Amino acid sequence: IEEVPTAAIRVPSFNGLFLNGWRVMSGNARARYIETTPLRKGHYRRFGAEGFSKDQVDESTERLRQTVERVEAAVAKGPWLAGEQISLADLCVLPTIVRMSDIRLESVWVDLPHFQNWYERMQARSSFATAYYPGSRVSLPPEQDAIAR
């Protein structure tokens, strides 16, 4: 449940949340930073100096849509992804969904009522407020449009 969305959320996240700061760095500073991140070198190199392309953002958004459709189908049959009780599947996909909300991608699931109900129930859990305490989330500023392209 997390393999595809975890990778897909990086593209719109980086464009929406980090591109402005990345652009003001010199090419040398970016290169030095990339060398300090051995596990994400390829990702940063693809990000380049100007961020991911519209096609890359669109492809990632499509993969995220497929994920929320999978959640929709699963929770249409029962309250949680793996059945009658909350499980690791619910908890593993949640950070991606929260980030989607943070970068204003809620339109991806606007037509999925079972998904919306699942997400509302996840947010209503006391553990959600503990995990996502005030100030812990990175979100787009109010004036910025969803996933800067």
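Mentor: Start with burial. A residue counts as buried when its relative accessible area is under 20%. This is a predicted model. By that cut-off, tryptophan 22 and phenylalanine 47 are both buried.

Trainee: What share of the 149 residues of the protein counts as buried?

Mentor: The share is 38%.

Trainee: What is the overall fold pattern, read along the sequence?

Mentor: The pattern is α-α-α-α-α-α-α-α. That comes to eight helices and zero strands. Along the principal axes, the C-alpha atoms fill a box of roughly 55 × 35 × 30 Å.

Trainee: Among contacts with a separation of 6 or more, what percentage joins residues 24 or more positions apart?

Mentor: Those residues account for 74% of such contacts.

Trainee: Now the rings. How many aromatic pairs does the structure hold?

Mentor: There are 14 aromatic pairs. Read each by two values, the distance between centres and the angle between planes. Planes over 60 degrees apart make a pair edge-to-face. Phenylalanine 14 and phenylalanine 47 are such a pair, at 5.4 Å centre to centre and 85 degrees between the planes.

Trainee: Where in the chain do the two partners sit?

Mentor: Phenylalanine 14 is in helix 2 and phenylalanine 47 is in helix 4. They are 33 residues apart, and the pair links distant parts of the chain. Both phenylalanine 14 and phenylalanine 47 are buried.

Trainee: Why is the pair of tryptophan 22 and phenylalanine 47 called tilted?

Mentor: Look at the angle. The planes of tryptophan 22 and phenylalanine 47 stand at 45 degrees, so the pair is tilted. The ring centres are 5.8 Å apart. This pair also links distant parts of the chain, with tryptophan 22 in helix 2 and phenylalanine 47 in helix 4, 25 residues apart.

Trainee: Which residues do ring pairs link into a cluster?

Mentor: The cluster holds Phe14, Phe18, Trp22, Tyr33, Tyr44, Phe47 and Phe52. Arginine 137 lies over the face of tyrosine 132, at 5.8 Å from the ring centre.

Trainee: How do I read a pocket?

Mentor: Rolling a probe the size of a water molecule over the atoms shows where empty space is left. Then ask for volume and lining. The largest pocket holds about 290 Å³ of space. It has 14 lining residues, and Ala7, Ala8, Val11, Arg46 and Ser60 are the closest to its centre. Helices 1, 2, 4 and 5 each give two or more residues to this lining.

Trainee: Which helix gives the most to that lining?

Mentor: Helix 5 does, with four residues. By class, the lining has six nonpolar, three polar and five charged residues.

Trainee: What space lies in the second largest pocket?

Mentor: About 210 Å³. Its lining has 13 residues, with Pro95, Thr96, Val98, Arg99 and Tyr132 nearest the centre. Helix 6 supplies the largest share, six residues. The classes here are six nonpolar, three polar and four charged.

How values were computed:
Residues numbered from 1 in each chain as written. Predicted model: local features only at pLDDT ≥ 70, side-chain atom pairs only at ≥ 80, totals over all residues. Heavy atoms only, no water. 1 Å grid on protein atoms, 1.4 Å probe; cavity = no way out; pocket = protein on both sides within 12 Å on 5 of 7 lines; lining within 4 Å. Points joined across faces, edges and corners; volume = space filled by probe spheres on them. Nonpolar A, V, L, I, M, F, W, Y, C, P; charged D, E, K, R; others polar. Phe/Tyr/Trp six-rings, centres within 6.5 Å; stacked < 30°, edge-to-face > 60°. Buried < 20%, exposed > 50% of the residue type's maximum accessible area, 1.4 Å probe, protein only. Lys NZ or Arg CZ within 6 Å of the ring centre and 35° of its normal. Contact = heavy atoms within 4.5 Å.
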